[in-house]
Amino acid sequence: MAEMGSKGVTAGKIASNVQKKLTRAQEKVLQKLGKADETKDEQFEQCVQNFNKQLTEGTRLQKDLRTYLASVKAMHEASKKLNECLQEVYEPDWPGRDEANKIAENNDLLWMDYHQKLVDQALLTMDTYLGQFPDIKSRIAKRGRKLVDYDSARHHYESLQTAKKKDEVKIAKAEEELIKAQKVFEEMNVDLQEELPSLWNSRVGFYVNTFQSIAGLEENFHKEMSKLNQNLNDVLVSLEKQHGSNTFAVKAQPSDNAPAKGNKSPSPPPDGSPAATPEIRVNHEPEPASGATPGASIPKSPSQPAEALEVAGGTQPAPGAQEPGETAASEAASSSLPAVVVETFSATVNGTVEGSSGAGRLDLPPGFMFKVQAQHDYTATDTDELQLKAGDVVLVIPFQNPEEQDEGWLMGVKESDWNQHKELEKCRGVFPENFTERVQ
């Protein structure tokens, strides 16, 4: 019996809610058709407009702040990789190695501290600020429904009073419902009338505190980073002074197919096989000037020490063995350029630059521009964003409306999703460009 009673109450509630929705819908239709007057409050409507504007601005600020934090994290990773590279190339017997390693550690800690303080003093405050909007937005919507209920009860009561045959019982009941609806509406209306202007005025102090925190943190970060950079510069200056008098000779391994001739580095073979790998030798004592070598010394720039880099006899294909297009590359590869520059120039002349070939594929999405690969994970914060994992390949396409593109954001579809669905509307989304690297 208790169960049946419970079901009866539930069914009664459902029926009551359905009836309320129907009554509100009818009232709204009559108001739109001009057959029923609508209670207006212009001051409250202005407060609602301010609320919506404040919510839009806050949401945008939160999104941009998250993008800024993601960029700080990406810059931290890039800085860490760069310092790791310096530690690897720094020879154990070079002076200042321990100092350079310590500077790299402090650099890493400084980036981590900066990111964490931004989260604590800006992002969390931003999240707390926006956390109050959903409840108020829900109450504004509820107030609107209660206003419709009040108008509907008022119209019903007025119609009973003006009827030719008056039913006092119905009139009394309608009056009771009207008083009840008016009380519920006014209670909600009074609370919102007080809260909305206060919330609107609070935005000034919030924006000031947020941007002051970000500016102060960034200022301190750059001050400390400047000190570390100066210390690293001092270490490298000391290294330069100690090793500045040494001569660094550069020799190229002769090719098996071509005799050594002159001092030019070999051009890449016509068949595209790898060029000879240059061997770099550090010579701590200058070679005697009288020592005749096939090569000539590299011209010195004003910033070079008195001892020049010496280039041992490189390899050069025999005259007449060059293919058309190789002549310009060979002429450019003079003794004043390292072998790697000559190889790059030759590859460019011969049309072997990466990405210079390959026509567009028919299975790519319309408007496809290029491919990028995610270097870091990215968690989407909105429904129009792509969720990325490091290694994901994204096919970049143009925005349907270029005015909607924000700086630093691209539109695309993950290659795996496109190959599976072939539906742009279902798969495309925006993502931060700085989380990716162009691969094609």
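**Two helices and two residues in a predicted model**

The crossing of helix 4 and helix 5 is left-handed. The model is predicted.

User: Why are helix 4 and helix 5 called roughly antiparallel?

Analyst: Take the angle. The axes of helix 4 (residues 133-161) and helix 5 (residues 168-243) cross at roughly 150°. Angles over 145 degrees count as roughly antiparallel. Helix 4 and helix 5 are therefore roughly antiparallel. Their axes come within 8 Å.

User: Which kinds of residues form the contact of helix 4 with helix 5?

Analyst: The contact has 18 nonpolar residues, 4 polar and 11 charged.

User: Why is leucine 82 called exposed?

Analyst: The relative accessible area of leucine 82 is 62%. Exposed means over 50%. So leucine 82 is exposed. Leucine 82 sits in helix 2 (residues 42-89).

User: How far apart are leucine 82 and alanine 104, in sequence and in space?

Analyst: They are 22 residues apart in sequence. From C-alpha to C-alpha, leucine 82 and alanine 104 are 9.3 Å apart in space.

User: What makes lysine 422 partly exposed?

Analyst: Lysine 422 has a relative accessible area of 41%. Buried means under 20%, exposed means over 50%, and partly exposed lies in between. Lysine 422 is therefore partly exposed.

User: Where is lysine 422, and what is its phi?

Analyst: Lysine 422 lies in the loop between helix 8 (415-421) and helix 9 (424-427). Phi of lysine 422 is near 60°, a positive value in a residue other than glycine.

Conventions. Residues numbered from 1 in each chain as written. Predicted model: local features only at pLDDT ≥ 70, side-chain atom pairs only at ≥ 80, totals over all residues. Heavy atoms only, no water. Helix = DSSP H or I, 4+ residues; strand = E, 2+ residues; numbered from the N terminus. Buried < 20%, exposed > 50% of the residue type's maximum accessible area, 1.4 Å probe, protein only. Axes fitted to C-alpha atoms, helices over the stretch in contact; angles between N-to-C directions. Parallel < 35°, antiparallel > 145°, perpendicular 65-115°, else oblique. Left-handed = near helix turned anticlockwise from the far one by under 90°. Nonpolar A, V, L, I, M, F, W, Y, C, P; charged D, E, K, R; others polar.
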